[in-house]
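Please keep the structure open beside them.

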Amino acid sequence: MLSLRHPPIVILLLLLHTPGLLTAQRIVPGGSVRDIGSVDLEASPEIQKPPALATDEVNHYAPKDSTAPARPDVSDKPLNNDDRKALTEDTAQSRSIAQRFAQLPRFGRRVFHKYADLAATTPTGQEAIDTPPTPPGYLLGTGDILSVRCWHDTREHVSQDVTVNNNGAVYLPFLGDIIVAGRTLSEATKLITGEYRRIYRQARVAVTLTRLRSVEIYVTGEVEWPGRYTLPGSATVFTLLYVAGGPSEIGSLRRVQILKHTSGARRSIDLYDYLLGERYLSNINIETGDTLFVPAVRSEVAITGEVLRPARYELLAHETLSDLLRMAGGLNPTADAAVVQIWRNTPQGPQLLSANISETGQSPSTIYLSGGDLVEALQSPQAPVNTVEVSGAVKRAGVYACEDGDRISDLLKEAGGLSQTAHTNRGKLLRQDDQLHYQVSYFQVDRAIAKDEEEDLVVQPHDKIIIYSQSEVEAPAQVVIRGPVVRPGCYEWASGMKVSDLLLQAGGLLPEAYGLQARALRRGATNRQYIVPVALSDAMQEDSESDITLHQGDILEIFVADAVTAPSQVRISGFVNNPGTYRRYEEMCVSDLILAAGGVAPGAGPSLQCVSGHTEGEVRTTQLRLQTQPDSTHFSVVPDLLLHDDDHIAVQGSGQFVRHPPVVIVEGEVKNPGAYPIPRRDASLWALLQKTEGLLETANPRGIIVYRSRDKFFPVSQEYSASAQIQQVLRTFNRERREQILEKDKRTGVVETRISRALTNIFSVEGGATVVIPPRLLNESIWAEAIPIDGKLLVESHGREGDIALMDGDCIVVPRPSHTVGVVGAVVRSGAIPYEGPHSPLKYVELSGGVAEDANLARMVVIRANTRVVPADTVSEVYPGDVIVIPSDFVIRTVQSGTGYERLLRSLAGLVTALLIF
């Protein structure tokens, strides 16, 4: 006994092997069913036994076993002649109803085939997809990234990417937080534009959506790849189905459900509305946490024969034959509406029903379908013999009866006359010859309607009359403007429209436009474009001859000046903040160029020179006077000449101008330490010490040190690390922050490195050396020099001997006196010992306990309190604060071999530095 647990294919196979009768019925007007006879399925050679159709709950005619043929790869588009022939010419003798049902494509499934075919290689179906385009109704939300740009007077004030935060706002320069969540992109653009126009009256704002937020959605049910998906915020239900591979072979396309995470609401979606072009699905908002559920299909019907889209269609409750015909695209003109066959499963077995849905028959909207029905639209037995087809720009295009002697005007009258968009100049008449080939004849439409016998041709059956529309034979009613204008694009054309009118609508020319000449591209009689020159400058003045009338479809092209002429530019150098080359505008004067270069620099004036460009022979130079205020912000040029292309303005400076006064720092044991300006003529160390009112009694003149920046020794061209401009900025910055080199730890580092390198030179070659070290200000190497001073000689000679000239930025350190002598190196006890008088270096070595076994007395040196390093054999007396260094043979050998000496000497130099007083 059969039950619902048996698959439909089992029922079909059993019925195929059960002899019996199939009752054929016809559906007649009024809804009654009338028997049209009984057919012995075994005896009749014309009709095979139809299969038992499935119930309304499960109607799947695609068998899963090997007995059913594979479904052909066909699309939802109209089938070609070969496909249609294969579907309609096969009779019941060659195929069963179930096989015919299964071979029909399932409507809508083809849309998702591309991704369904990837299931074998991509089991998860999580391959990346391109971000879909943003629909016009897309609402901004948290996570969206906007690009905001604002211009005013051709200058860009704002260019920034901003992200919509959790409060639904974006933070914009000059405006602060602006709420954009819940608005469309156009609404947000309008809001931001309005806010910026409160600051810039004629601001132009462009807002684009550079990156969409992501939403995380779940897909369950009968889809190819159920799971969790992360998609852009603009994704639609169809986008989500697309990446999930679409409904599976048993998935419903008409009862797709969206479960809202926030509200718990459930919404059902019929994809047929989208596939048939009756509704747009992008208005369904998808949010993070929502679930897309695809249930199994409940009921299917199929339609084949003379319809536009033979296929299987999913059936909802109470749908009729009219609904099925609408989904299938309707009957073909060759269909016989009087005989539409419906194969239906009944409790008694399959039945064949016949319906008359012609104008004299029953309305298809009253014929309800059941799951498993197979509808076949038969072909009309013969083509009409007295019809003429009228198509194109008429009010009622279609097929009309043709009587003997009828003319074109008669058929056009039957079609309701011409439409408002009809082209009345030329029409086309197609007529078949004996070989059934169409021949073309042309006629004047307006004259044919007026019954001019030469144009109002006599028609014959099977003729085709075609009336063109204006848009098919004429250019569109618009004109186009291209190039550097404020609003390039398409504009509506009107008769009598001039070049000046189009420029006015386009907002006028941009500054980079070439204003003398333009061109209009126009189509001629042969539909080929030709050029119409336009004197643009005269046309903008509305000159009657130059301001030509535009034709429908004209393209006005405006050139960029730099593309057709040499660049219009001028150059400025000298005492301005930003020297260089600048674009020259009309009526641009010398003062305008100075403003464009950032204004005059301090020290500019009182004169400047204008060197004329584009000259032949000798260069012509004009001397101008520059009048500036003390703050250099206000200036005037006399005379303020009008500039021409390639002119050069040289702004001269004053040799007496001093931007930063030269200052030196004095600290230590002087009566009045601090910063002192130094005069240009008398900038000596002795003179400066006199300004401090002399040394204190606690000062140690022998230990005076002058620290000097490296850029005072080397010109800019010898700087090794940066360009001249960077070095100039660094030097200025370091002068303003010269106190940094006065810090004790930096001075200690200067001396330690100096001593280390001095020891290197002393131990490796005969004689001494002067060393510089990098304090590394501003991450660049502006080095400093520790200059030892013989302060005792300077003081005793009252500046006549031992004096040096000071420079801007110098730092003079006068230390306190020391009462010890340092002895370090290869001795028994390294360190400081009390000063006991002006003895020789060897005497103090003995006082420190004597030398060690590895001492090298031949290389012994003395480091004076002012950091001067001298060989010990040249020193007769040691003074307080001096340090005696006795190297070891190991240090000497290491230095001479060139390995590891730096670490050893640094360690030794650190001991020496600790004993010195700065």
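**Notes on salt bridges and surface**

1. Arg 447 counts as partly exposed, at 34% relative accessibility, in what is a predicted model. The side chain of Arg 447 meets that of Asp 452 in a salt bridge, with 2.7 Å from N to O, and Asp 452 is likewise partly exposed, having a relative accessible area of 25%.

2. Glu 300 belongs to strand S13 (residues 300-305), whereas Arg 106 sits in the loop between helix H3 (97-103) and helix H4 (113-116), so the pair ties together parts that are 194 residues apart in sequence. Glu 300 is buried, with a relative accessible area of 0%, and Arg 106 is buried too, at 3%. Both belong to a network of salt bridges that also links Glu 249, Arg 312 and Glu 314.

3. Within helix H19 (residues 791-796), Glu 796 and Lys 792 lie four residues apart, about one turn of the helix. The two form a salt bridge whose closest N and O atoms are 2.3 Å apart, and Lys 792 is partly exposed, with a relative accessible area of 30%.

4. On the surface, Leu 842, Val 851 and Leu 857 form a nonpolar patch that has about 230 Å² of accessible area together. Val 851 is placed in the loop between helix H20 (841-847) and strand S42 (861-863), and is partly exposed at 36% relative accessible area.

5. For the protein as a whole, the secondary structure comes to 22 helices and 44 strands, while 44% of the 918 residues count as buried.

Technical notes: Residues are numbered from 1 along each chain as its sequence is written. This is a predicted model: local features need pLDDT of at least 70, side-chain atom pairs count only at pLDDT 80 or more; totals for chains, interfaces and linings use all residues. Side-chain values use heavy atoms; hydrogens and water are left out. Patches are made of residues with over 30% relative accessible area and no salt bridge: like charges are joined within 9 Å, nonpolar side chains (Val, Leu, Ile, Met, Phe, Trp, Tyr) within 5 Å. Accessible areas come from the Shrake-Rupley method with a 1.4 Å probe; for residues, only the protein chains shown count as cover. A salt bridge is a side-chain nitrogen of Lys or Arg within 4 Å of a carboxyl oxygen of Asp or Glu. Helices (H or I, at least four residues) and strands (E, at least two) are DSSP runs, numbered from the N terminus. Buried means under 20% relative accessible area, exposed over 50%, partly exposed in between (1.4 Å probe, protein chains only).
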